[in-house]
Amino acid sequence: MQTEAQKHSILIVEDEPGPRDALAIILRPFFTLYTADNAHAAMRILKKERIDLVTLDLKLPDRQGMDLLQDVKLEREDVEVIIITGYGSLKSAMDGIRYGAAVYLLKPFNVAELIALIQQTLEKKERLDHLRHFLKSPGDKWGTETDAGTVWQLLQKDYRSLGQTKWGPDQRFATYAELAPLLSDLMQARDRDLFYHASRVSDYSDLLGKRLNLSEAERSTLAFGAFLHDIGKVPAEDHRLLPKTGKLDTREQEVSKHHPEIGARMIHPLNLPAEVSQIISYHHEWYDGSGYPDGLQGQGIPLFARIVCLTQEFDHLMTDHHTSPPLSLEEAVAEVRRQAGTRFDPALAELFTRVVIETKASLPSLGTPSRRTTTPDH
Ligand SMILES: [Fe+2]
């Protein structure tokens with residue numbers, strides 16, 4: 001039995017007394033509880049108390065739940081938020097994941113499901129807190145390949161002592177089961193958006209890999225490499241500014257230009273297949289030779305890097321990184337076709353655009369983790 005001091009603190013934000021009291025009754029034996037019936041009260045409690053997790057109903061009298069979610073994450077990025085919502089607000093709940101909510105839970109839910117979800121989210125928070133602390137500590141952690149080797153050893157040891165994460169039903173990264181949870185959490189500790197982008201790009205790449213009749217082993221390497229393509233942004237504090245519309249300042253240009261090389265150096269000690277490293281190094285090379293870092297051209301760019309060059313840009317077009325508002329699927333397809341032969345391998349661009357149109361309905365949900373969202377671990 002935990003003492004009061006050891007208990008995690010949960011803030012229930014819900015304007016209707018009935019559901020609020022019901023939640024409080026369920027959770028009181030396990031957690032230290034705070035409740036708020038409006039956004040203003042919620043922020044006041046959050047600033048004053050050491051809250052670990054917020055359960056958030058999106059309908060509030062004084063503000064949009066989504067605005068409150070963003071304020072919560074701005075005030076305390078380490079506070080986990082579980083959105084509890086009815087089916088009518090499912091779309092908003094999915095958007096919430098984009099704004100940093102860990103997970104959403106659809107009403108009606110059963111008690112065991114809620115408690116298990118909170119426990120998993122808190123365990124994950126512990127791992128992410130550890131990694132966030134590590135990322136904030138001073139020093140260029142992956143500055144050289146030797147540094148990188150030492151850092152991975154340290155992180156893997158710490159990680160094992162924190163308890164291995166459950167790596168959900170997704171078998172795609174099974175070959176990399178030892179490393180995938182750590183790398184995935186590391187991206188999430190830096191910024192959840194980076195992680196969701198990585199997940200969707202992995203899904204898009206796999207879609208193309210399947211259509212290219214790659215073997216199981218090749219597809220697994222492609223999916224994992226695509227997942228890690230921007231890993232070089234993890235050490236950069238201000239990576240979330242990138243890429244964006246408008247001019248990048250000098251520091252941003254530096255980070256943007258160097259993330260492929262930083263990423264390749266980071267993963268070097270992990271002995272991953274050469275293709276993974278090629279994806280990281282060359283996913284910004286353009287088919288016409290005008291990309292970076294090496295200005296490779298045409299078929300001289302490794303196939304998997306040509307694929308990820310395309311899929312990562314497609315995802316950027318479909319989310320709000322490059323364009324505001326984001327493009328529709330049809331517009332994004334037109335844009336990819338427009339850049340076939342300059343930026344993208346024309347044959348791959350043609351195949352990919354055909355595949356995404358055909359499989360439109362089953363494409364990964366934008367802005368949400370591409371693997372199921374009802375548990376926080378995948
Ligand atoms: Fe990139």
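Modeller: Start where α8 meets α12. On the α8 side are H197, R200, V201, Y204, S205 and L208. Facing them in α12 are I307, V308, T311, Q312, F314 and D315. Contact here means that the C-beta atoms of two residues, placed from the backbone, lie within 7 Å. By class, this contact holds six nonpolar, four polar and two charged residues. Nonpolar covers Ala, Val, Leu, Ile, Met, Phe, Trp, Tyr, Cys and Pro; charged covers Asp, Glu, Lys and Arg; the others, Gly among them, count as polar.

Two ground rules. This is a predicted model, in which local features need pLDDT of at least 70 and side-chain atom pairs count only at pLDDT 80 or more, while totals for chains, interfaces and linings use all residues. Residue numbers run from 1 along each chain as its sequence is written. Helices (H or I, at least four residues) and strands (E, at least two) are DSSP runs, numbered from the N terminus.

Now the geometry. Two packed helices are described by the angle between their axes and the distance between the axes. Helix α8 spans residues 192-211. Its axis comes within 9 Å of the α12 axis, and the two cross at roughly 130 degrees. Axes are lines fitted to C-alpha atoms, for helices over the stretch in contact, and angles run from 0 to 180 degrees between N-to-C directions. α8 and α12 are therefore oblique to each other. Here is the scale: under 35 degrees is roughly parallel, over 145 roughly antiparallel, 65 to 115 roughly perpendicular, and the rest oblique. The crossing of α8 and α12 is right-handed.

Another partner of α12 is α11. E275, Q278, I279 and Y282 of α11 touch F304, A305 and V308 of α12. That contact has five nonpolar, one polar and one charged residues. V308 also belongs to the contact with α8.

Follow the loop between α11 and α12 and you reach P293. The peptide bond from Y292 to P293 is cis, with omega near 5 degrees. Most peptide bonds are trans.

Step on from α11 (residues 274-282) to α9 (residues 216-227). Here the axes come within 9 Å and cross at roughly 35 degrees. This crossing, too, is right-handed. T221, F224, G225 and A226 of α9 meet E275, V276, I279 and I280 of α11. Five residues of this contact are nonpolar, two polar and one charged.

N213 is not a glycine, yet its phi is positive, about 55 degrees. Most residues other than glycine have a negative phi.

Further out is the sheet. Its five strands run in the order β2-β1-β3-β4-β5; the sheet is open and the pairing parallel. Two strands pair if DSSP finds at least two bridges between them. On average, neighbouring strands are turned by 20 degrees against each other, direction ignored. β4 (residues 80-85) and β5 are joined by four bridges. In one of these strands, β5, Y104 is the bridge partner of I83. Helix α4 (residues 90-98) packs on the sheet and touches β4 and β5, its direction making about 170 degrees with that of β4. Helix α5 (residues 111-136) lies across β3 (53-56), β4 and β5, at about 155 degrees to β4.

The loop between β5 and α5 contains P108. K107 and P108 are joined by a cis peptide bond, with omega about -5 degrees.

Last, confidence. The score is pLDDT, the predictor's confidence in each residue, from 0 to 100. The chain mean is 86, and 85% of residues reach 70 or more. Confidence is highest in α11, at 98, and lowest in α4, at a mean of 80. Residues 239-246 have pLDDT below 50; beyond near neighbours in sequence, that stretch has 17 contacts in the model. Residues 367-378 are also below 50, with 44 such contacts.

Terms used:
Left-handed = near helix turned anticlockwise from the far one by under 90°.
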